[in-house]
Amino acid sequence: MTLLRAMPVRFRILALLVLLSFINYLLRNNISVAIPSIREEFGFTSAEIGWILGSFNLTYTLFQIPGGIFGEAFGYRRAMTSIAITWGVLTWLTGFAPSLMAASATGAIVSLIAVRFLMGIANAPVFPMMTGIIARWFPSGSWAFPNALNSAGLALGQAAIGPVVTFLIIEFGWRNSFYALAPLALLVAAWWYWYARDWPAQHRAITAGEIALIDRDRDPAFTEAPRPGTWREVLMRRDVLLLAAAYFCMNTVFYMFAQWLFTYLVEERGFTLLESGFLYVLPFATGALMSAAGGLTCDALCHRLGGRWGCRIPAMTGLIGVAVFLLAGVNAVNPYVAVGLLSLCFGFTQFTEGSFASGATYVGGPHASTAYGVVNTGGNAAGFLAPAVGLMDDHAGWLWTFASGSAFALLGAGLWLFVDVER
């Protein structure tokens, strides 16, 4: 408790954001581990599973920009609380809704698509809002590391899905795994509403010294609420759109891991459900460590070289690493070596996260939430490829499906050469 009191308030807020990120990913992607059980019960093809996953991806992508605007307009404290409560309700419905229509595979797929469609809407605002919160609570040029820790939180949440959800499915069935996890969202929503505030100056525990540190060397616009309507200026800025295109390329690989890795380990590499559950942890644990390393690298380079090269160097390094280790992993003969190489591949996707969030904050200024909403719209448009990934697996196999991500990663690295966050 003494250590907690000694911690600056901005880092306490960050710790809550990391917890929100962890629970968000634990709940939003637990369906990826339930897919083999759902497929066994209803006989879905990979293409049909792709449509279930794609329904989330569609609304999650389309509501990124409205989600960022929602946080700025409604206030981050109330907005984050409301969406977290919704995660819990929809997680419970993921298990319950197919029971109402389980008489046919068609009824089950319709119910799952509907729930995942709504889940995408409820999840869309979370990371644009987190970017905006960090822009307000952390000093100028020190945004990459806290955003990277949020990415580490999501990677750890994704990692926990493997052993936690696998255990719950084996012991209690896939439906009960959703019922058991849903209350976590309600608990973290209550905690956030109780402790968080929209602005540092509103927090009862913050000191004048910490407020001065946060506001030092920053544009005065960051200390004011955005003027109504000015978010429109952000939407078509050249560098925001370039960041969105590069993020699409990176997230093409990210989505392959988040939604298909468990199925790949079971069906292509021959691991049992239990083995896959534990091996599934390794890529995402690696991602958490490399996300933090990427954020620290980006902030250090931004202070030394400025935002342009400080964001560009770690982003390009990470994307080239993604391309190299993805090709190496899918071609490895030994399944355990393959898991190790693919873990490094995913780690490099996360190494870039701080650069994308920091870049969006530089470009967006007080509209960092909206700017990152645009970037995340581009990034998560890669989720629209979920049906194509399933179809490609059905017809070409996992080797070509995963290897195609390397070309996207190299394209993303090239796009960063044209991004100037200080323009």
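Colleague: Which helices each supply at least two residues of the nonpolar patch?
Modeller: α4 (46-62) and α7 (105-123) do. Helices here are DSSP runs of H or I with at least four residues, numbered from the N terminus.

Colleague: Before we go on, what sort of model is it, and how are residues numbered?
Modeller: It is a predicted model, where local features need pLDDT of at least 70 and side-chain atom pairs count only at pLDDT 80 or more, while totals for chains, interfaces and linings use all residues. Residues are numbered from 1 along each chain as its sequence is written, and side-chain values use heavy atoms, with hydrogens and water left out.

Colleague: Good. Which residues make the nonpolar patch?
Modeller: L58, L62, F63, F117, L118 and F384 make it, with an area of about 510 Å². Patch members have over 30% relative accessible area and no salt bridge, and nonpolar side chains (Val, Leu, Ile, Met, Phe, Trp, Tyr) are joined within 5 Å. The areas come from Shrake-Rupley with a 1.4 Å probe, and for residues only the protein chains shown count as cover.

Colleague: Where's L58, and why does it count as partly exposed?
Modeller: L58 is in helix α4, and it counts as partly exposed because its relative accessibility is 34%. Buried means under 20% relative accessible area, exposed means over 50%, and partly exposed is in between (1.4 Å probe, protein chains only).

Colleague: Switching topic: how many salt bridges are there?
Modeller: There are 3, counting a side-chain nitrogen of Lys or Arg within 4 Å of a carboxyl oxygen of Asp or Glu.

Colleague: What does R10 pair with?
Modeller: R10 pairs with E210, and their closest N and O atoms are 3.2 Å apart.

Colleague: What about R308?
Modeller: R308 forms a salt bridge with D420, with the closest N and O atoms 3.0 Å apart. R308 lies in helix α17 (residues 307-331) and D420 in the segment after α22 (398-415), so the pair ties together parts 112 residues apart in sequence. R308 is partly exposed at 30%, and D420 is buried at 12%.

Colleague: Now the inside. How many cavities are there?
Modeller: There are 3 cavities of 30 Å³ or more. On a 1 Å grid over the protein atoms alone, a cavity is a set of points where a 1.4 Å probe fits but cannot get out, and lining residues have an atom within 4 Å of a point. Points are joined across faces, edges and corners, and the volume is the space filled by probe spheres set on them.

Colleague: What's the volume of the largest cavity, and which residues lie nearest its centre?
Modeller: The largest cavity holds about 190 Å³ of space. Its lining has 19 residues, with F127, L154, Y247, E353 and Y372 nearest the centre.

Conventions:
1 Å grid on protein atoms, 1.4 Å probe; cavity = no way out; pocket = protein on both sides within 12 Å on 5 of 7 lines; lining within 4 Å. Patch = residues over 30% accessible without salt bridge, like charges linked within 9 Å, V, L, I, M, F, W, Y side chains within 5 Å.
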